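Biologist: Before I rely on any of the labels attached to this model, I would like to hear the grounds for each of them. Could we go through them one by one?

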Amino acid sequence: MNIFNNFLKAGDNVFLQFVKYFFASAAALFIDFSLLYILTEFAGLFYIVSATLSFTAGLFVTYFVSKKFIFTKSSISNRKLEFIVFYIIGIIGLIINIVVLWLLTDKVGLFYMYSKIFTAFFTYLWNFFARKYIIFN
């Protein structure tokens with residue numbers, strides 16, 4: 001149980017942060033994927049609109065988990081400004097997400113949910129390293 005408690009504590013070990021960020025991103029990705037499918041298939045929204053809304057929901061989850069369990073320090077002392085920078089990095093991630101999603105879906109012909117799997121990888125890498133080295137360093 002002590003190992004689990006230590007894992008949940010925020011710390012400065014980059015490898016451990018990377019692993020914990022993976023789990024936080026997995027939770028956010030679950031929300032992102034679920035909302036993408038629900039908004040597209042049941043609400044009838046265009047998949048790009050759904051992807052934007054679902055990605056934003058996942059962004060909020062990632063922020064709160066990052067603050068609580070992953071990163072101990074922030075280079076930005078003002079919480080509102082920190083969230084704005086976090087969100088801007090997320091917007092860049094969203095642009096990466098939308099462009100790759102569109103390319104794979106509309107140009108390559110993959111089902112949008114399969115395309116989303118590929119976009120998640122690129123977005124994860126961008127978000128972790130940008131947030132780690134711009135905000136939480």
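Modeller: What follows takes each label in turn and sets its value against its definition.

Modeller: This is a predicted model, in which local features need pLDDT of at least 70 and side-chain atom pairs count only at pLDDT 80 or more, while totals for chains, interfaces and linings use all residues. Residues are numbered from 1 along each chain as its sequence is written, and side-chain values use heavy atoms, with hydrogens and water left out.

Biologist: Where in the protein chain is confidence lowest, and where is it highest?

Modeller: On the pLDDT scale, the predictor's confidence in each residue from 0 to 100, the protein chain averages 89, and 92% of the residues score at least 70. The lowest confidence is in helix 1 (residues 2-8), with a mean of 57, and the highest is in helix 4 (residues 79-107), at 93; helices here are DSSP runs of H or I with at least four residues, numbered from the N terminus.

Biologist: Are Phe-22 and Tyr-124 buried or exposed?

Modeller: Buried means under 20% relative accessible area, exposed over 50%, and partly exposed in between, with a 1.4 Å probe and protein chains only. Tyr-124, at 13%, is therefore buried, whereas Phe-22, at 45%, is partly exposed.

Biologist: How do you know that Arg-131 lies over the face of Phe-86?

Modeller: A charge sits over a ring if NZ of Lys or CZ of Arg is within 6 Å of the ring centre and within 35 degrees of the ring normal. Arg-131 is at 3.7 Å from the ring centre of Phe-86 and lies over its face. Arg-131 belongs to helix 5 and Phe-86 to helix 4; the two are 45 residues apart in sequence and 6.7 Å apart in space, C-alpha to C-alpha.

Biologist: Why are Arg-131 and Phe-86 called buried?

Modeller: Arg-131 has a relative accessible area of 1% and so counts as buried, and Phe-86, with 0%, is likewise buried.

Biologist: What makes up the lining of the largest pocket?

Modeller: On a 1 Å grid over the protein atoms alone, a pocket is an open set of points where a 1.4 Å probe fits, with protein on both sides within 12 Å along at least five of seven lines, and lining residues have an atom within 4 Å of a point. The largest pocket has a volume of about 330 Å³, and of its 21 lining residues the closest to its centre are Ser-25, Leu-29, Ala-120, Thr-123 and Tyr-124. The lining divides into 10 nonpolar, 8 polar and 3 charged residues, where Ala, Val, Leu, Ile, Met, Phe, Trp, Tyr, Cys and Pro count as nonpolar, Asp, Glu, Lys and Arg as charged, and the others, Gly among them, as polar. Helix 5 gives the largest share, 8 residues.

Definitions and conventions
Points joined across faces, edges and corners; volume = space filled by probe spheres on them. Helix = DSSP H or I, 4+ residues; strand = E, 2+ residues; numbered from the N terminus.
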